[in-house]
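Hi,

Here is the structure I promised to pass on. Have it open while you read, and my notes follow below.

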Amino acid sequence: MYMWTVCLVLAFCACFSHGQDGFEVPDATVEAFTPRGLRVSIPDQDGIKLFALHAKINEEMNGREAGTFSRDITKAKDGRWTFYDSQAKLAVGDTLYFWTFVDYFDGERKLGFVRDDQFFTITELLPKPGAKPPPAPVPTVTPVTKSPSIDTGSNGGCKVSTTTVRGKNSCRGQLIFDSSFDQFAKNKANLWTIQRKFATGPDYEFVIYEDNPIVLSVENSRLAITPILTDSLYGEGFVVRPEGFDLGEKCTGVRASAECYQTALGWRIIPPVISSQLKTKGKFSFKYGKIEVRAKLPKGDWLYPELYLNSESEEYGSGYESGQIRIAFAAGNEGENRKLEGGVILGSIPAARKYAMKTIEKTQSWTDDFHNFSVLWKPDSITLSVDNMVYGTIFPPEGGFASLATNLHLKNSDKWKSGTKIAPFDKEMHIVVGVGAGGHNFDDRSDGTKPWFNNQPISQKEFYKARNQWQSSWKTEAKLQVEYVKVWALD
């Protein structure tokens, strides 16, 4: 963050040099590794005192912005200045857009040199540095060892379903995932990854996700996620402290990015809410099937449940470019929590969020009791149910969801055309369970009842400043409780 601030000041002061002083930033070598890892380096030369990289994957840099990857390298090693991120995941065909910066001492003065508008397309994935040869293949083990609902043939074998689990077809009607939470402490590592990161796009919720027993616990054999104010955990005024907050090595987000480190500066503050989020990414993913979540949704202003299916590989692009299936969504605000939504998200703008959402309303709040929320995901449709009552079915238009590109301003729909009619929902997805607060899941309002506007940089700070208006609504029911999550293969 310090380097970015320095670069920004230098840019506005036009103090960068571009080779006129007898030095040019060397060409960078870009290497992507399998299954994860990114290395960008330049050769060491006399006079180089610092090397900085700022980069994004598959998205051009907006001038000299910090980017997804942003780090200063202060020491050369083995003759090179090297940026390395062990968690970065790239695929063949991805393009890294970047700019580099070098502090150079010419014997009399230290100058800053920049090299803009660079890009590199990945043509191969290299073995990870120091990686051992891959072990012999072992049989795939799913979280469920036996299913009483399996549909077997007369010879004792199974009838193959269109459902796949991590690339392999399942048996018709098979229970392929079963996570109750009475043994959560024992089996969570096999089924779930607990997120530790700052929330960013596409929803920009005002949250830090942490693995903290105050927020994440098991109560009466049910998972409970109870959001709290960041200041209440770390001390009054924590969200505005200028030294920032670094989640360190335990961060599950992209290292050296805003997912792992943030600071307070001017209009920017540290997210004012601590919550929790769990994912099955890398442990369980499936394509087509029925998922059911028995849960009690959180009640409290600007809270909402995160019961989603997200793309496992993001083959069509990051975030909503690869779509999202919402199992159940209800705002925690009094009155608004009488409306339950489910469906698919096709993009970030309001029209793309709402196009394929189905709703059901009742006189009482959906947050008052436990309900069974279900999605039946087929190759040609997605059906939403609550307590075994269907309230909506989504069919792609004749030309597929890609045909909606112009009306919904979809960014990556050309890639959807390479898939089936229901693309981007024709790839495996993983399960997300969590609680969000604020951000872009609430439309802007002109009546003053919502204390922030979504696309303003100051939105998170405005939300925090209005905490006296909404904090009192976060009572004992301001938590998500989940009894189980189950997935079955299609019959």
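A quick word on terms before the details: I call a residue buried when its relative accessible area is under 20%, exposed when it is over 50%, and partly exposed in between, using a 1.4 Å probe and protein chains only. Please keep in mind that this is a predicted model, where local features need pLDDT of at least 70, side-chain atom pairs count only at pLDDT 80 or more, and totals for chains, interfaces and linings use all residues. Residues are numbered from 1 along each chain as its sequence is written, and side-chain values use heavy atoms, with hydrogens and water left out.

**The overall picture**

The protein has 491 residues, and 50% of them count as buried. It contains 8 helices and 32 strands; these are DSSP runs numbered from the N terminus, with helices being H or I of at least four residues and strands E of at least two. I take a contact to be heavy atoms within 4.5 Å. Among the contacts with a separation of 6 or more, 70% are between residues 24 or more positions apart. The accessible surface is about 23200 Å², and carbon and sulfur atoms hold 49% of that. Those areas come from the Shrake-Rupley method with a 1.4 Å probe, and for residues only the protein chains shown count as cover.

Most residues other than glycine have a negative phi, and most peptide bonds are trans. With that in mind, look at arginine 166, where phi is near 50°, a positive value in a residue other than glycine. Arginine 166 sits in the loop between strand 9 (160–165) and strand 10 (168–171). Is arginine 166 buried or partly exposed? Its relative accessible area is 45%, so arginine 166 is partly exposed. Alanine 256 also has a positive phi, near 60°, and is in the loop between strand 18 (245–246) and strand 19 (261–262). Alanine 256 counts as partly exposed because its relative accessibility is 24%.

Then there are the cis peptide bonds. One joins glycine 201 and proline 202, with omega about 5°; proline 202 is in the loop between strand 13 (197–198) and strand 14 (207–209). Another joins alanine 423 and proline 424, with omega about 15°, and proline 424 is in the loop between helix 6 (413–416) and strand 31 (429–437).

**Around glutamate 210**

Which residues reach glutamate 210 with their side chains? One of them is serine 276, whose side chain comes to 3.2 Å from the backbone oxygen of glutamate 210. Serine 276 is in the loop between strand 20 (273–275) and strand 21 (277–279), and it is buried because its relative accessible area is 0%. Not counting residues up to four places away in sequence, serine 276 touches a set that includes Ile194, Tyr209, Glu210, Leu216 and Val433.

Arginine 196 is another, with a polar contact of 3.1 Å between its side chain and that of glutamate 210. By polar contact I mean a pair of N or O atoms within 3.5 Å; within protein, one must be able to donate a hydrogen and the other to accept it, and residues adjacent in sequence count only if both atoms are side-chain atoms. Arginine 196 lies in the loop between strand 12 (193–194) and strand 13. Leaving aside neighbours within four places in sequence, arginine 196 is in contact with residues including Tyr209, Glu210, Leu247 and Lys250. Arginine 196 and lysine 250 are 54 residues apart along the chain, yet their C-alpha atoms are separated by 6.8 Å.

**Tryptophan 81**

Tryptophan 81 is in strand 5 (residues 80–85) and is buried, since its relative accessible area is 4%. Its side chain makes a polar contact of 2.7 Å with the side chain of aspartate 44.

**The second largest pocket**

The second largest pocket holds about 460 Å³ of space. Of its 18 lining residues, the closest to its centre are Phe329, Lys339, Glu341, Asn441 and Asp443. Strand 26 gives the largest share of the lining, 3 residues. By class, the lining has 6 nonpolar, 4 polar and 8 charged residues.

For the terms here, the grid has 1 Å spacing over the protein atoms alone, and a pocket is an open set of points with protein on both sides within 12 Å along at least five of seven lines, whereas in a cavity a 1.4 Å probe fits but cannot get out; lining residues have an atom within 4 Å of a point. Points are joined across faces, edges and corners, and the volume is the space filled by probe spheres set on them. Ala, Val, Leu, Ile, Met, Phe, Trp, Tyr, Cys and Pro count as nonpolar, Asp, Glu, Lys and Arg as charged, and the others, Gly among them, as polar.

Cheers
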